[in-house]
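Subject: Structure handover, pockets and cavities

Hi,

Here is the structure for you to look over. My notes on its pockets and cavities follow.

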Amino acid sequence: MTRLLVLWCPQWPVVAAGMAAGLTVDAPAVVVAANRVVSANAQARREGVRPGLRRREAQGRCPDIAVLPADPDRDARLFEPVAAAVEELAVGVEVVAPGVVAVPARGPSGYFGSEESAAERVIDQVAIRTGAESQVGVADGLFAATLAAHRGLVIPAGESAQFLAPLDIRELTDRPDLVDLLRRLGIQTLGAFAALSHNDVTSRFGADAGYAHRLASGLEQRPPSRRRPPVDLSVTHTPDPPIDRVDAAAFIARTLGDQLHTLLAAHGLACTRLAIHASTANGEDLIRLWRCADPLTPSGISDRVRWQLDGWLRGSDRPSAGITLLRLEPEETVDGHALQLGLWQGGNDEQASRASRAMVHVQGLLGQEGVFTPTINGGRGPNDQVSLTPWGDEQTPSSDPDLPWPGRLPAPSPATIPAQRVPATVIDRDGGEVGVTGRFTLTAPPDEVAVAGNTRRVIAWAGPWPADERWWEEDGGRRRARLQVLLAERSEVDNQDALLLVRENEKWTVEGVYD
Amino acid sequence: MSAHSSPQPFRVEPGALAGPRVLPVHRDLSGLFPWGGLRRGGTISVQGSSGLLFALLSEASSQGSWTAVVGMPNLGVLAASEAGMAVQRVALIPQPGAEIAAVVAALLDGFDLVAVAANRIGEQLARKLSARARNRGAVLIAVGPWPGAELELTVARGRWSGLGTGHGHLTDHRVEVRARGRGAAARPRRAAFTLRGETPLTPPVFEHMFDTNTAATRRNP
């Protein structure tokens with residue numbers, strides 16, 4: 001436990017306020033916040049003014065008192081020279097609050113011979129440099145040392161608990177509620193509080209009371225943390241010259257994969273989520289997260305790095321300059337022996353692992369964006385209800401399919417959904433185009449539908465199903481109406497065509513084909 | 001001794017090869033197949049209906065088989081899910097590009113069912129891929145005409161019901177499926193089915209609810 005020397009300037013707010021206001025040191029003064037006295041100097045105290053009094057009452061007791069406003073910034077600013085004066089004698093100064101400064105006692109007490117002489121030197125130094133009055137206390141731990149400073153005491157090492165035991169419980173000034181409660185329970189001193197079992201205090205009054213109990217027992221507020229600092233497991237590579245070709249990327253991917261795997265293996269870890277960062281010479285940053293069911297092997301890592309660079313360097317939004325920095329960060333690691341099982345329903349069975357190997361193989365041929373697995377989402381249109389995720393990425397449905405989606409078409413859904421929308425023309429009996437009104441009704445019953453120059457008669461239809469989505473967003477809103485039409489067969493053996501048409505921006509397109 | 005025996009006609013009783021050799025199809029569709037289901041290593045061509053493709057795949061898919069669909073960016077995944085396919089065991093390769101042969105070959109190694117858009121594959125390549133499927137024990141389903149397919153399923157007389165003039169919605173899709181093929185499947189068959197969204201096919205017409213004899217015989221052995 002650190003032995004601390006605490007220098008305390010009594011009633012610092014009023015001292016600072018007096019300095020700022022240019023008052024003489026013997027003029028009575030108080031600092032007032034919210035109409036209550038927070039700090040009073042010695043002259044004011046002599047007149048019976050105490051912190052906590054109302055302003056008017058203080059003025060009543062001492063008519064020529066100077067009432068000064070509270071300003072923590074001013075207090076802190078004016079305390080700076082005091083901290084600087086202490087720093088001339090001791091290193092490692094820490095300003096605890098305006099008016100309280102703590103330094104490790106070991107240095108100055110060794111240098112000046114004893115803790116007492118160090119305390120004297122510090123008080124003199126502060127008085128000479130700033131003219132401020134101060135007291136010094138030395139004890140184990142900040143709480144005990146501060147209380148010692150209030151009393152101008154040097155508490156011998158290891159006796160903080162004995163020093164604190166007879167003190168009033170109200171010395172725990174930060175926790176008025178707890179103090180009030182403890183006093184009502186009959187606990188008047190820090191020693192009585194410290195005599196309670198720590199576990200009981202924590203379980204009954206909460207973690208914060210537990211910290212207060214540690215203070216009252218003369219310990220540091222928090223138990224020493226035994227956390228091991230996290231090891232930096234990332235692997236960084238700065239290619240020179242910058243990578244702008246895929247074959248160079250593949251070469252580097254191999255090296256990095258081996259490097260990262262060796263590093264992880266040295267720590268007994270394996271990676272299940274890998275972040276690949278790349279920066280280009282023009283300052284573009286590319287980040288991609290890969291999640292894998294099985295811990296990554298060296299070749300798994302290098303494959304992913306290669307696909308990633310491949311995708312970036314060949315893709316439509318390729319960076320404007322070569323890649324100058326490449327970093328692999330294992331975002332999620334498991335113990336080298338632990339295998340994460342049960343990602344798929346029915347367990348990590350043999351069929352799934354065979355399929356997974358085949359998909360990784362195909363990704364090697366086509367890139368990561370070549371193989372998708374679908375997820376069913378909530379939504380209205382047949383397209384909105386499906387999202388495709390590249391294999392290996394995390395699958396998260398963007399919306400819940402079980403929520404009500406008014407305007408969603410009933411099953412069955414169209415079995416073919418053209419990737420490119422095909423324009424269609426819907427004509428009524430008089431040859432005019434059928435439209436949809438603002439209230440989602442058809443302007444006329446459809447009679448004929450022409451798709452790609454092929455006109456067929458409508459024998460049945462239903463709709464429109466309205467989809468007025470995201471109207472509350474500035475530019476995200478879409479208003480669409482969907483229409484099912486059944487087109488007449490051309491011969492006895494021919495199939496009837498059933499289409500799902502959608503009208504958006506005054507145009508009909510084929511959204512789906514029921515085949 | 002067997003040199004002079006006349007070649008045995010290739011006859012397999014339905015169900016004789018059931019088990020791992022045949023992947024299940026819906027029992028109403030099983031009559032279309034001489035083997036009672038999708039024979040591993042076989043190539044089947046489906047033409048004219050994506051709904052029929054889903055109906056074929058759904059039973060095996062829901063029982064744990066993995067399915068890959070290559071070169072079909074227009075696939076209605078939601079309809080597939082409604083038809084009973086387990087979409088979490090489906091892999092989509094919508095744009096295989098020039099690597100389509102290598103992609104299909106790789107998928108045949110790992111998947112039970114591989115559906116391929118046939119229009120981009122030449123005859124020679126098609127035969128190679130069929131051979132690969134036979135070798136690996138996967139089922140290759142060509143969507144479109146495929147040279148050397150064991151069984152070709154086409155859809156005709158598709159009729160929809162449920163839709164009125166301004167009311168209702170599409171519910172039932174009645175189709176006539178025509179099957180013709182080679183070998184055991186050489187005899188053309190045709191059958192009418194109702195492909196639907198929620199339950200894939202018509203329930204069988206006959207279903208034995210209980211056997212009148214059992215209760216009595218069990219009580220008095």
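By class, the lining of the largest pocket counts 23 nonpolar, 10 polar and 9 charged residues. Please keep in mind that this is a predicted model.

The volume of the largest pocket is about 1,200 Å³. Its lining is made up of 42 residues. Nearest the centre are A:Val100, A:Thr146, A:His150, A:Thr173 and A:Asp174. Several elements of chain A each give two or more residues to this lining. The helices are helix 1 (12-21), helix 4 (72-87) and helix 7 (142-151). The strands are strand 1 (3-8), strand 3 (36-40), strand 5 (94-97) and strand 6 (100-104). Helix 7 of chain A gives the most, with 6 residues.

Where does the largest pocket sit relative to the domains? Domain 1 (3-151) and domain 2 (165-216) of chain A both give residues to the lining, so the pocket lies between them.

Now the cavities. A search of the whole structure turns up 3 of 30 Å³ or more. The second largest cavity holds about 50 Å³ of space. From chain A, A:Pro374 lines it. From chain B, the lining has B:Phe54, B:Val69, B:Leu75, B:Val77, B:Ala80, B:Met85, B:Val87, B:Val90 and B:Leu92. Helix 2 (77-82) and strand 5 (90-93) of chain B are the elements that give two or more residues here. By class, the lining of the second largest cavity has 10 nonpolar residues, no polar and no charged ones.

Best wishes

Notes
Residues are numbered from 1 along each chain as its sequence is written. Chains are lettered from A and ligands numbered from 1 in the order in which they are written. This is a predicted model: local features need pLDDT of at least 70, side-chain atom pairs count only at pLDDT 80 or more; totals for chains, interfaces and linings use all residues. Side-chain values use heavy atoms; hydrogens and water are left out. On a 1 Å grid over the protein atoms alone, a cavity is a set of points where a 1.4 Å probe fits but cannot get out, and a pocket is an open set with protein on both sides within 12 Å along at least five of seven lines; lining residues have an atom within 4 Å of a point. Grid points are joined across faces, edges and corners, and a volume is the space filled by probe spheres set on the points. Helices (H or I, at least four residues) and strands (E, at least two) are DSSP runs, numbered from the N terminus. Ala, Val, Leu, Ile, Met, Phe, Trp, Tyr, Cys and Pro count as nonpolar, Asp, Glu, Lys and Arg as charged, and the others, Gly among them, as polar. Domain bounds come from an automatic or database domain assignment.
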